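Let's take a friendly walk through this model together. Have the sequence and the coordinates to hand, and follow along as we go.

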Amino acid sequence: MKAPCKAVIILTTLFLTALGVAQDLDSTLFGPTEDLRLEAEQANAVLLSPRSYLAGIRKFDQAKSDFAKNGNPDRVRKNLDKASEAFRTAWRNAEAAKLTLKTGIESRAAAQTAEAARLVASDWLAAEKTFNAAALSLESGNLDKAQKKHDEANARYRTTELNAIRVSVLAEAWRLIAEVEQQKLDEFVPQTINRARQLAEQANTLIIEDRYALDEPQSLAGRAVYEARHALHIATIVRRIEAEETSVESLILSRESSLRDIATAANIEPDFSAGPDQASTDIILLLEEIPGLRSDLKDRDALIVGLE
């Protein structure tokens, strides 16, 4: 083996050995504090003991930075000791807060389930800010203030959850109704848009009464969406007529054409001389006969099978 190759192998071996020693030292030195950090996070100290947890993070990061720069070993150890103590305190505080702030924690979880942070961000942030104040007061030993802020945060979370549920169910209906209003189309479709408003309001009232019974509110909201879209469609046609882009006669003939296609498919000759009512009645009568015809066919099939 040539000398240069031997030198490369030796240098590589020394480098890997040094790297392994550094990694072992890093694990030995920082490992215990890292474990304490993880325990604090698992106890949700970030939320329930923010001051102590952040103090631990700062000291931990400082120790890592000093170590990476080959800083004073005593300073590294002192910062690690302070970080470890802060994480222990954060863990203890978090465990205690789970009892003191229990109701607020549960309401917060319910708001999270309702996707409040996405659907009603401002409400969510206000509740979070209030809960954070409760947690900080508890850390400081001010139990009266902590309880007061907790109760306020709990009420905010409850409202936030409710608003998130309302938005999730009614957002599309509200958007379409607002579109009609913003375009000032109400005057063209008062009956239809009022039906949409009434359906949306009924759904909203039911959600407020019971935020977890959503089958009927969702059904009402769906109908409100339909009526609002219907209102937009009608208003668009009315505006075209007013702008003389089309005529009432053309509109009526277009609608009769659609009804004629249906009647023709049903082998009915529609008569529109007195309006579409008679053609509609003829089609309905035919449709009403279909179940009876199906029953007769079923009886016939059964008779044939019996004769075989």
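With which residue does Glu 172 form a salt bridge? Glu 172 pairs with Arg 175, and their closest N and O atoms lie 2.8 Å apart. A salt bridge here is a side-chain nitrogen of Lys or Arg within 4 Å of a carboxyl oxygen of Asp or Glu. We will come back to this pair after a look at the whole chain.

First, a word on how to read the values. This is a predicted model, in which local features need pLDDT of at least 70 and side-chain atom pairs count only at pLDDT 80 or more, while totals for chains, interfaces and linings use all residues. Residues are numbered from 1 along each chain as its sequence is written, and side-chain values use heavy atoms, with hydrogens and water left out.

The protein chain has 12 helices and zero strands. Helices (H or I, at least four residues) and strands (E, at least two) are DSSP runs, numbered from the N terminus. Of the 308 residues of the protein chain, 31% count as buried. Buried means under 20% relative accessible area, exposed means over 50%, and partly exposed lies in between (1.4 Å probe, protein chains only). Contact means heavy atoms within 4.5 Å. Among contacts between residues at least 6 apart in sequence, 68% join residues at least 24 apart.

Now back to the charged pair. Glu 172 and Arg 175 both sit in helix α8, three residues apart, which is about one turn of the helix. Glu 172 is partly exposed at 29% relative accessible area, and Arg 175 is partly exposed at 43%. Salt bridges that share partners join Glu 172, Arg 175, Glu 179 and Arg 229 into one network.

Glu 152 counts as partly exposed at 29% relative accessibility, and Arg 156 counts as partly exposed at 35%. The side chains of Glu 34 and Arg 37 meet at 2.3 Å, N to O. Glu 34 is partly exposed, with a relative accessible area of 22%, whereas Arg 37 counts as buried at 16%.

Next comes helix packing. Two packed helices are described by the angle between their axes and the distance between the axes. Axes are lines fitted to C-alpha atoms, for helices over the stretch in contact, and angles run from 0 to 180 degrees between N-to-C directions. Angles under 35 degrees count as roughly parallel, over 145 as roughly antiparallel, 65 to 115 as roughly perpendicular and the rest as oblique.

Helix α5 (residues 102–113) packs on α8 at an angle of about 20°, with axes 8 Å apart. That makes α5 roughly parallel to α8. In this contact, residues of α5 including Lys 102, Ser 107 and Ala 111 meet residues of α8, among them His 150, Tyr 157 and Glu 161. By class, the contact of α5 with α8 has three nonpolar, five polar and four charged residues. Ala, Val, Leu, Ile, Met, Phe, Trp, Tyr, Cys and Pro count as nonpolar, Asp, Glu, Lys and Arg as charged, and the others, Gly among them, as polar.

Helix α9 (residues 190–209) and helix α10 (residues 215–242) pack at about 160°, with their axes 8 Å apart. These two helices, α9 and α10, are therefore roughly antiparallel. Residues of α9 such as Ile 193, Leu 199 and Leu 206 take part, and among their counterparts in α10 are Pro 217, Leu 220 and Ile 234. The contact of α9 with α10 has 14 nonpolar, three polar and four charged residues.

Where does Leu 170 belong in this picture? Leu 170 is placed in helix α8, and at 0% relative accessibility it counts as buried. Leaving aside neighbours within four places in sequence, Leu 170 is in contact with Ala 200, Ala 203, Asn 204, Ile 207 and Ala 221. Leu 170 and Asn 204 are 34 residues apart in sequence and 7.6 Å apart in space, C-alpha to C-alpha.
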